[in-house]
Amino acid sequence: MEEQTKGLGNAELWGGIAWLAFGLFIAWEGWAQGLGELREPGSGFAVFWCGVIMIGLSASIIAGAVAHGGPPLASLWAETRWPKVLLVMALLLVFGFFFEQIGFIPCSLILLFVLMRFIDPVPWWQAVVVSFGAVLGVWLLLSKLLKIQLPAGVLAPWLG
Amino acid sequence: MDVLSSLAHGFSVALQPFNLLACFAGVFVGTLIGVLPGIGPVTAMALLLPITLSAPPEAGIIMMAGIYYGSMYGGSTTSILVNIPGEAASVVTCLDGHEMAKQGRAGPALGIAALGSFFAGTVAIVALMLVAPTLANWALKFGPAEYFSLMVLGLTLLSFLTHGSMAKALLMATVGLVLGLVGTDAITAEERLTFGRLELLDGLSIVPVVMGLFGVAEILSNLERKVSREVVKARIGSLWPSREDWNASKGPMARGTLLGFFVGTLPGGGAVISSFASYALEKRLSKHPERFGKGAIEGVAGPEAANNAAAGGAFIPLLTLGIPPNVILALLLGAFIIHGLQPGPLLMVQSPDVFWGIVASMYIGNIMLLVLNMPLIGMWVQVLKVPYPLLFPLILMFCIVGVFSSSAAVFDVFVMVLFGALGYVMRKFGYEPAPLVLAFVLGPLLENNLRKALILSQGDFMTFIERPISGACLLFAVLMLVVPLLPTLARRREAIALDQE
């Protein structure tokens, strides 16, 4: 039987509270946008009612969590490799920030090599060969064959 | 034009060299992603959507459709040889397919899966061809109230059939509706939920949302635990099933096809549910139910036929009503819209090239899939041996490239990362992304029809109840909402509730 708690560490409770806050925000946005009249609903009409429904549903989730409990928050990440998940997320964000300035080829090469060597390490030569092969292959296919523009970045003088 | 001459016209479209190439690319990629665990048809379709933009609409849609039904074929290979389903519809094939492989009967298991899929896929296309025109004629009588209620029913049914808490599934559907409303209001041209960002004026794009929720989130979840994959080492042998295998599989294949097609046409239904339903049906009908789970070929033939028939049946509500019954077809609806087409009752009149071209291409695609899955099985086995630590960085890169090339905006890459993180956390807390994505696609349509119906009825909500089709849809939706409150029926729901992706 899965561990359950009714205390403040209850994951169901926190999930419900997060969605309740989001629902309140959406309902407020819809209200501010203007509901219009029933014979001519305004831009905020559907947004507002979606927010109200979200509030109702999240309240029912919170009530269920309080009454029946739920898994402890910490148990959701127990015995998992969550630092690797965080690392991948951070790498993707860094990639996004530098993608246009540095360019597709250098950015993707670094991303692939780092992911292959530092998450679940593969031999370095495999990482190098696969990274170069995949990045150059994708670049040739998209930029040259399908004429889809990818940022050239620092390699612009050579790639044209 | 009668059905046969329309179909002949469809073949003249589908057999054009570029469309043939698109069909082959679709079914090949579909099989590949079906074979590879960790990337599903939704991610693959979102990934390839930008590439189809430069192609004519019929070629783009033919390719996207090929990915969908191709993935149904490919998923069985991984289930049988590795005991890990390539995609959700093949989960049940693991039970007997992998047992057969361990007993040295991988060949007949793969063979019957491919042949069953071919048979069911072909029957489903014939049925689609015959049913679609009639249903489309009927759908011409639909007004905004009927469309609104039908979409509400579809979302409720999907939430009902989604694994876990129904409140959570409905909440996800509502979040999806809100996300679908971001951008400029189509009626008043006012900005909504854009927070002053120019990138959001046209709304959130479907590609980064889907890629984040399914592609990135799936990878993040897989990275949490080290998963080992061991391909069955025994020789695969002849793929052609023996006479005994055929005799045992004929009935399950036929029943699976009928069941799958019917379930596939229902809003919220799909390949996953039909494959489980077929397995349960065969086990119940069998004189030796104890053989199931220990390598019974009926446990492979029925579900594989069912999931392929469901894939064909699912095109009916999309092509005739413009309402996708599941999240994969919701993405296909997105592809139609991006290509400037509106699926619905008028599609076959206004764009016969597209409608009949897709139908004809499905016949051709099924033959291509048989060739890809029978003689080339050795190649797919080699693909299975690519280790995940090499695979996931490549999938991530394809996701980024796919998202960027769809809009040429790095903003969408951040949207993908955001939804990737959201999808990962949602899975942790037991919130399924499928209702969110379906509602996201339907959101603008649903709101538009709601507002139109209210304007036409002078603000009278009774219009949704007094019109028979609309009233019936809403009644069913209410029943779905009430069922989880009744303990006996709630347990039955839990038994059939399945994750759609």
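A residue is called buried when its relative accessible area is under 20%, exposed when that area is over 50%, and partly exposed in between, using a 1.4 Å probe and protein chains only. Keep this in mind while you follow the tour, which goes through a predicted model in which local features need a pLDDT of at least 70, side-chain atom pairs count only at pLDDT 80 or more, and totals for chains, interfaces and linings use all residues. Residues are numbered from 1 along each chain as its sequence is written, chains are lettered from A and ligands numbered from 1 in the order in which they are written, and side-chain values use heavy atoms, with hydrogens and water left out.

**Stop 1: chain B as a whole**

Chain B averages a pLDDT of 85, and 93% of the residues score at least 70, while the model scores ipTM 0.94 and pTM 0.84. Where pLDDT is low, the predicted coordinates should not be read in detail.

Switch to a cartoon view, in which chain B shows 23 helices and two strands; helices (H or I, at least four residues) and strands (E, at least two) are DSSP runs, numbered from the N terminus. The radius of gyration of chain B, at 22 Å, is close to the 23 Å that the globule rule gives for 501 residues, so chain B is as compact as a globular protein of that length; this radius is taken over C-alpha atoms, and the rule is 2.2 Å times the number of residues to the power 0.38. Of the 501 residues of chain B, 65% count as buried.

**Stop 2: the exposed loops**

Select Phe195(B), in the loop between E2 and helix H9 (206-223) of chain B. Phe195(B) has a positive phi of about 50 degrees although it is not a glycine, and with a relative accessibility of 54% it counts as exposed.

Next select Ala189(B), in the loop between strand E1 (183-184) and strand E2 (191-192) of chain B. Ala189(B) is not a glycine, yet has a positive phi of about 65 degrees, and its relative accessible area of 57% makes it exposed.

**Stop 3: a buried serine**

Now select Ser249(B), which lies in helix H10 (residues 243-265) of chain B and is buried, with a relative accessible area of 0%. Leaving aside residues up to four places away in sequence, Ser249(B) touches Ile112(B), Ile297(B) and Ala301(B), where a contact means heavy atoms within 4.5 Å.

**Stop 4: the largest pocket**

Show Leu141(A), Val29(B), Leu48(B), Ile51(B) and Phe398(B), which lie nearest the centre of the largest pocket among its 38 lining residues. On a 1 Å grid over the protein atoms alone, a pocket is an open set of points with protein on both sides within 12 Å along at least five of seven lines, a cavity is a set of points where a 1.4 Å probe fits but cannot get out, and lining residues have an atom within 4 Å of a point. The volume of the largest pocket is about 1,100 Å³.

Helix H5 (124-145) of chain A is one of the helices that each supply at least two residues of this lining.

**Stop 5: the second largest cavity**

Finally, select residues including Tyr69(B), Ser117(B), Asn308(B) and Met362(B), which belong to the lining of the second largest cavity. This cavity holds about 70 Å³ of space, and H6(B) gives the most to its lining, with four residues.

Technical notes:
Grid points are joined across faces, edges and corners, and a volume is the space filled by probe spheres set on the points. pLDDT is the predictor's confidence in each residue, from 0 to 100.
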